[in-house]
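I opened the notebook to record what I looked up, one topic at a time.

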Amino acid sequence: SLYAGFPEAAYLDTVFAGCWIITRLFYLRNGNWKQFLAKVSTGIGVGILIAIPIILAFYDYLHVGYVGLHSDAAIKGLSLPPAGLPALIFPYLYGPIFAAYGFNPSGIITTWWSNVGGYITLPLVLFSLIGLAVKGHKYLKIFLAGWIIIIVARVYGFPDLWRVFDLIPGMSSVAVYRYVQPTFELALIILSAFGLDHLLRGKRLSKRQTISIGGVLSLIILVAIIIAFESRKLII
């Protein structure tokens, strides 16, 4: 990832992987965690050794290169406009990419399209909710669900919640709002895989699970509609 030229993405992905490693420890018993940490440490060490040439080159570049908003923590706390949140699950709610240019004096939609790092779909949300509802992988699901909530809050600047993520060292110089979205998309995909696996095995959802999933999905859609409706005056 570092050699691909995206140090910000590499750093954010590493934070996600680090949290996954910590979550994995909850599943280990009888001293297996020592062997696990030894393997992880070896992998990290080898990875750093391989990446040292590009890390040193990047470090030297930072002393002479122009990094724009990444300097002096000017990018700290920047987020996407909340008006774009409904388009997270309805990506073309405001039309094709940059279609609103010239019809959006406020520039909010143009700003959103210029900086958004991805989107999801309703089927993905549905199967993710099923994955959360079925049994198994308790700690992993808690981590993935928590990550999704914190990341969405950070990307769209929800009060106070995004500050939790920015406590991580170095985040004040990272364009989190643009490059972190693939991590929460991956979290949703993994949860969806749990849901699909449950259904493909011929297992059914209980009535209580079905009602809960339907209720949460309806609430998500309702909130998206309300935000889109309330944001119309800012967009036009």
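**Ground rules.** I am working with a predicted model, in which local features need pLDDT of at least 70 and side-chain atom pairs count only at pLDDT 80 or more, while totals for chains, interfaces and linings use all residues. I number residues from 1 along each chain as its sequence is written, and my side-chain values use heavy atoms, with hydrogens and water left out.

**Whole chain.** I found nine helices and zero strands in the protein chain, taking helices (H or I, at least four residues) and strands (E, at least two) as DSSP runs numbered from the N terminus. The C-alpha atoms fill a box of roughly 55 × 50 × 30 Å along the principal axes.

**H1 and H5.** I looked up helix H1 (residues 7-25) and helix H5 (residues 138-155), whose axes come within 9 Å and cross at roughly 155°; axes are lines fitted to C-alpha atoms, for helices over the stretch in contact, and angles run from 0 to 180 degrees between N-to-C directions. That angle makes H1 roughly antiparallel to H5, the term for angles over 145 degrees. On the H1 side, the contact (heavy atoms within 4.5 Å) is made by Val15, Phe16, Cys19, Trp20 and Thr23, and on the H5 side by Tyr139, Leu140, Phe143, Leu144 and Trp147.

**H1 and H2.** The axes of H1 and H2 come within 12 Å and cross at roughly 175°, and H1 and H2 are therefore roughly antiparallel to each other. Pro7, Ile21, Arg24 and Leu25 of H1 make the contact with Trp33, Phe36, Leu37, Val40 and Phe58 of H2.

**H1 and H8.** Which residues of H1 meet H8? I noted Leu12, Asp13, Phe16 and Trp20 in H1, which meet Thr183, Leu186, Ala187 and Ile190 in H8. The axes of H1 and helix H8 (residues 181-200) come within 10 Å and cross at roughly 40°.

**Last entry.** I placed Leu56 in helix H2 (residues 32-62).

Note on methods
Parallel < 35°, antiparallel > 145°, perpendicular 65-115°, else oblique.
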